[in-house]
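Morning, everyone. Please bring up the model on your screens, and let's walk through it.

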Amino acid sequence: MAVGYLVTVVLAWLIVVFCLVRIRGPKPVFYFSYRLGLVFNEIPHVALYGLVAATALAFSEGDIATTADRANVALAAVAAVGLVVVTLRGMRAGAVVRDALDDALGAGAGARRRLPLARILLRPVFRRRRDVKRVGNLSYGDGGRRNLLDVYHHRSRPEGGSVMIHFHGGHYDQGRKNTQSLPLLYGLAGQGWVCISANYRLRPDFPHPAHLIDAKKVIAWAREHATEYGAAADAAVFVAGSSAGGHMAAQAALTANEPAYQPGFEEADTSVTGAIALNGFLAEYFDGDPATSPVNLVRADAPPVLIAHGDLDELVDTENPRALVTALRAVSTSPVVYVEMPGAHHAFDLFHSFRFEALIDGIEDFAAWVTARRKPAEEGI
């Protein structure tokens, strides 16, 4: 029996199962399934390439000689079908995103675009772009390396761009900038946006509200310095985040200009034009303090919000973001877009996948709709 080929087939089967089913079990099992699903649920075609290559190699080397070997080939064929199913499920995201935008913003808000197939199929893990420059490790506070940010801007530095600020995830006790949502940041910067990815202080040394204070410092920094990298003087400022960063983005958007969260910079304008939460945990954090829940911070003058979540998220059930969507829609005068993506797991924003590229298009449409309807009082950076 071709043992090496058998191992490849078994791994392909595990990938299919972990992508199609939300696994919750003992920590070792969960960790293994989460990591495999994290990668291959977004880029299953890469696993398919490997499986096809391994099968071709096994035949070329004469390793398919016994009944057991032929059975392995049959199992590989079934696994390949499973990977195709996972791929097709990811491709459904475009229609789901457009429908969510149309429902919240009006018919036609979600435009149909051609996805970058070459990038998705051949270079999904390479996030950088030649036309975008990253200016790294700029200080925005006195928190050392945890108060550093990166700026992404088009190399030609065109004037008049909007601003996108992103906060990383990591349960508020780990993580760093320059790791998550990079396809979004590089993509927007390639279109003339000024994008910012920021570190922030972490638990347990710095519990709430230290993270929120840092978020507001980044917003204040952007309003003061983003024009140096091509942002318009009256630029729209959007705040976004992944996982815990999504929680931060929601909190920051719902506590604009509150002095309690701006010690030493109370007069700074920390309002935002819109907020985007990706696979975020959007309720009370850690000690159950109600002040940490965006649901308890909803307000009539909240900015427009886009929340995107996977229906197979292993870490955060969909009831969590739905609760914030319901609370906002009951109070806010601004639109709330909720995208619940079929088959998406936690941390779907790492690669150039069919799913995330479709969501990036949706975020662009959301930002364009919001920016076009800004109130005069919101303008002025």
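Helices (H or I, at least four residues) and strands (E, at least two) here are DSSP runs, numbered from the N terminus. This is a predicted model: local features need pLDDT of at least 70, side-chain atom pairs count only at pLDDT 80 or more, and totals for chains, interfaces and linings use all residues. Residues are numbered from 1 along each chain as its sequence is written, and side-chain values use heavy atoms, with hydrogens and water left out.

Start with Ala-79. It is found in helix α4, residues 67-91. Buried or exposed? Ala-79 counts as buried, because its relative accessibility is 1%; buried means under 20% relative accessible area, exposed over 50%, partly exposed in between, with a 1.4 Å probe and protein chains only. Leaving out residues up to four places away in sequence, Ala-79 touches Ala-12, Trp-13, Val-16 and Leu-51. Contact means heavy atoms within 4.5 Å. Leu-11 is 68 residues from Ala-79 in sequence, yet 9.5 Å away in space, C-alpha to C-alpha.

Next, His-45. It is found in helix α3, residues 44-60. His-45 is buried too, at 4% relative accessible area. With residues up to four places away in sequence not counted, its contacts are Thr-87, Ile-120, Leu-121 and Pro-124.

Now the sheet. Eight strands form an open sheet, in the order β1-β2-β4-β3-β5-β6-β7-β8, with mixed pairing. Two strands pair if DSSP finds at least two bridges between them. β1 (132-139) and β8 (336-341) stand at the edges with a single partner strand each, so one side of each has no neighbour in the sheet. Zoom in on β2 (148-154) and β4 (194-198): they run antiparallel, joined by four bridges. There, Asp-150 stands opposite Ser-197 in β4.

Two helices lie across strands. Helix α7 (182-189) lies across β1, β2, β3 and β4, at about 45° to β2. Axes are lines fitted to C-alpha atoms, for helices over the stretch in contact, and angles run from 0 to 180 degrees between N-to-C directions. Helix α9 (244-254) lies across β3, β5 and β6, at about 150° to β5.

Last, the pocket. How many residues line the largest pocket? There are 24, with Tyr-34, Gly-170, Ser-243, Leu-315 and His-346 nearest its centre. A pocket is an open set of points on a 1 Å grid over the protein atoms alone, where a 1.4 Å probe fits, with protein on both sides within 12 Å along at least five of seven lines; lining residues have an atom within 4 Å of a point. Helix α2 (27-40) gives the most to this lining, five residues.
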